[in-house]
Amino acid sequence: MKKYIFRRILWVIPVLFAVATIVFFLIHIIPGDPVDLMIGERALPADRLQLAHELKLDQPVARQYAEYLTGIVTGDWGKSIFDDTPVLELIKGRYGATLLLAFAAMFIAVLIAIPLGIFAAVKRNSVWDSLAMLVALIGISIPNFWLGPVLILILSVHFSLLPISGRDSWASLILPAITLGTALAAMLSRMTRASMIGELKAEYITTARAKGLPERKIILKHAFKNALNPIVTIVGLQVGTLLAGTIITEKIFSWPGIGMLLIDSIRRRDYPVVQGCVLIISFAYVVINTAVDCLYKSFDPRVKL
Amino acid sequence: MKITSTVNLCLLALAITLVPACKRAHVAQNGVLNVAVQSSPATLDPRAATDAEGDKICQLIFDGLLARDDDMELAPGLAENYEQISDTSYRFFLRRGVVFHSGSPFTAKDVVYTYGSMVDGTVASPFKEPFSVIKEVVAEDDFTVRIDLKGPSASFLSMLTKGIVSSVDAKRLGSRFGRQPAGTGPYSLSKFEADKLLELKANGNYFGKIPKIETLRLYVVSDDNIRVLKLIKGDVDLVQNGIPALVLPKVLENKNLEMEEGDGIVVTYLGMNLTDKILKDKRVRQAIAYAIDRDEIISHRFGGQATKANSILSPMNWAYDGDLAQHEYDPERAKALLNEAGLKRVALSYKTSTIKERVDLARMIAHQLSKVGISVKVLPYEWGTFYRDVKTGNFQLYSLSWVGVTEPDIFFDICHSSRFPPNGLNRDRYKNEEVDKLVSRARVTMDKDARKDLYGAVQKILFDELPFIPLWYEKNVVVYRKSLDGVSVRPDASYLTFVDISKE
């Protein structure tokens, strides 16, 4: 296990190197450059050249790339072209909000999905099963840009229970987390149901029943534990996606996360910030996936790492 | 006796010192005015701010040597008055006793520094080119500044509305000045949380109108629906130009809300590439103008909150030519013009940004043009790509808006043949010797009436030749809670109107 974790951590290095390289060249290839967006169309050609020089954008791309890679290793991720703030400082300010929202949404999703999925599996082919899966289908089908404003209209405007937007208190977290968590819960509950149905049909469950084990114990201790691997995979992948920022939800709730920072930076061609955001998002994704792989072993001793 | 006289003299001196201060140091009414704005400003350094939000907030924090009054006419600002020494030299007499928000006194040195730092490249300023007309700025004494120009410039005075920065703070803070600005304006910045909130405090020592409400909070709410909901709930007191026109009637059904509206100076236009083999024919451009039913667009897309345009200048501008007609919707005439040009069917592409409203408008225009045989493919592009294509001439049709046009010298930038990008804003690659002569003469003609005649002639030529088609002027709309008093709207949608607002 330790060897496996060590090997996975070593793999992070070439993955991040590849991501850093791809994002560097992609952002330099796309049309538009920060000089134009900073000093506008009226600027004289000589001033453009001067600003490009100040921003080191007139250097050969290979040199820029070498400096960029050296900076990543030494912890100097550069400064925002637009407001001179160090990239790491900018990301630090935003990533906390993204992490908080991602985990809160996942918490809500798991809280709803697991009991719903187990319930549907146990009552499979009954009215309750159909009802639970109908709820899940509705949850998957409702887009965030609709659900968010509707929740605000009901819970914030009509009943004045929660703040509409912003990040001023813990209460501000509830609506964006529900908005994000709903679709996840729907997907997760269907996955839980399918996985549980597979396990409940297995022979060891028949044996357990024949031995007279209580149904609750059979479901939760035996079937659910073995059904967890695909569920954990989906949770892991979804957390990874959430950590990349959720632009629509962040926009609706004015949530100052990394998604909005990344989009604004792409629009302004703020190369160092875009590179920094993508790197940190990739790093988080790789870490989560490694953690999920390690968790398999805990849930299923048959898995060899 | 002697002691009494001395004491009396001291008291008198103290009284003389204190009276002007007492007269000025009003305290704004306690309270908070909450406003929802659409975006976070990139910088609050007036020498660098180009985005509309940044520019409006800078007007609250900074004063220029001159200001624009509610009718968009030039008025005294940090300069109480000025004299024109010659065609190329001006002397400005500055206000005394003005203090920057940081506490440093305002003097002529700040004026010299502000203009100098834009021209010498100390800051990367998009305004360097227009300010390069300045040859020298001289502080004759602490409160007198002389500005010498390289040549006569009729638009020079209107440039002086640009905010004056505190030289002490700008030098100390460097690039951080944009986040910790120090000006002399009616508000000072107390909090800047990017993409979230800007908090400003009333400047009790302001030489002009002191804001009636002490704290102004500008919440950044980028989603249209959420801005509306925040206003309805009472989280914010006011939204200016931030409510989609189509939902406005529904919003106003709320009994707690009221609306003020006024004509605006933002003009949307349809740009055309005059180097394109189809669009270089004037008749095709005229056909396009006649084929666009602007009444329908204004009614359906803007809910009537816009007026048809026939010039880049708004009818409120002193240089606007009131004799201009309109290209009224006339599909038959459009078809006839296309026939005359020898074209039965035309295929064009229309580039736009990915902003939903822009794409919808492009599709609506494309649909209207298709009725006269002009097939238009709408191509929405991400902003950086779209902007690059417009500048490099990689387009046939596109639409953009000119924001805050108060100075008619804009015609030089957008129409003179020497101003093709990257050397100017002549995005449509328009060439006309007569227009070149007129706009060149107008910018060095000091007599206002003579300038107006020159710009009138320019507008007539442009109306006929249509290098671009002015489409509509958007109205300024402020929706606010009834608990507010003194709400008004200016043609430039400036936030300076907030100083007059009080709250029950």
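Predicted model: local features only at pLDDT ≥ 70, side-chain atom pairs only at ≥ 80, totals over all residues.
In which sense, left-handed or right-handed, does H5(A) pass H8(A)? Residues are numbered from 1 along each chain as its sequence is written, while chains are lettered from A and ligands numbered from 1 in the order in which they are written.

The crossing of H5(A) with H8(A) is right-handed, a term that applies if the near helix is turned clockwise from the far one by less than a right angle, anticlockwise being left-handed. Helix H5 covers residues 87-122 of chain A and helix H8 covers residues 171-200 of chain A, and the two pack at an angle of about 35 degrees with their axes 5 Å apart. Those axes are lines fitted to C-alpha atoms, for helices over the stretch in contact, and the angles run from 0 to 180 degrees between N-to-C directions. Helices (H or I, at least four residues) and strands (E, at least two) are DSSP runs, numbered from the N terminus. By class, the contact of H5(A) with H8(A) holds 27 nonpolar, four polar and one charged residues, where Ala, Val, Leu, Ile, Met, Phe, Trp, Tyr, Cys and Pro count as nonpolar, Asp, Glu, Lys and Arg as charged, and the others, Gly among them, as polar.

Let me widen the view to chain A as a whole. Its secondary structure comes to 13 helices and zero strands, and its C-alpha atoms fill a box of roughly 85 × 55 × 30 Å along the principal axes. Of the 305 residues in chain A, 38% are buried; a residue is buried if 20 or more other C-beta atoms, placed from the backbone, lie within 10 Å of its own, exposed if 12 or fewer, and partly exposed in between.

Next, the cores. A nonpolar core is a set of buried Ala, Val, Leu, Ile, Met, Phe, Trp, Tyr and Cys residues joined through C-beta atoms within 7 Å. The largest one has 141 residues, of which A:Ala105 and A:Cys277 touch the most other members, and its largest share, 17 residues, comes from H5(A). Apart from it lies another core, of 61 residues, among them B:Val267, B:Ala289, B:Ile292 and B:Leu369. Leaving aside neighbours within four places in sequence, A:Ala105 is in contact (C-beta atoms, placed from the backbone, within 7 Å) with A:Ala177, A:Leu180, A:Gly181, A:Leu184 and A:Leu242.

Now to the place where the chains meet. There, 33 residues of chain A are in contact with 37 residues of chain B, and H7(A) gives the largest share of chain A's side, five residues. By class, that side has 17 nonpolar, seven polar and nine charged residues.

Strands pair if DSSP finds at least two bridges between them. E17(B) is joined by twelve bridges to strand E12 (residues 257-272) of chain B, running antiparallel, with B:Glu258 opposite B:Tyr480. E11 of chain B (residues 238-240) pairs with E17(B) in the antiparallel sense over three bridges, and there B:Val239 has B:Val479 as its bridge partner. Three bridges also join strand E13 (residues 306-308) of chain B to E17(B), again antiparallel, and B:Thr307 is partnered by B:Tyr473.

Helix H9 (residues 282-291) of chain B has eight of its ten residues buried, so it too is largely enclosed by the rest of the structure. Its buried residues pack against several elements of chain B, including E12, H12 and E17.

A separate open sheet in chain B has four strands in the order E4-E5-E7-E6, with antiparallel pairing. Strands E4 (79-86) and E6 (134-141) stand at its edges with a single partner strand each, so one side of each is left without a neighbour in the sheet. Neighbouring strands of this sheet are turned by 20 degrees against each other on average, direction ignored. Within it, E5 and E7 pair over five bridges, with B:Phe92 facing B:Val145 as bridge partner, and helix H3 (residues 108-119) of chain B lies across E5, E6 and E7, running at about 165 degrees to E6(B).

Definitions and conventions: Contact = placed C-beta atoms within 7 Å.
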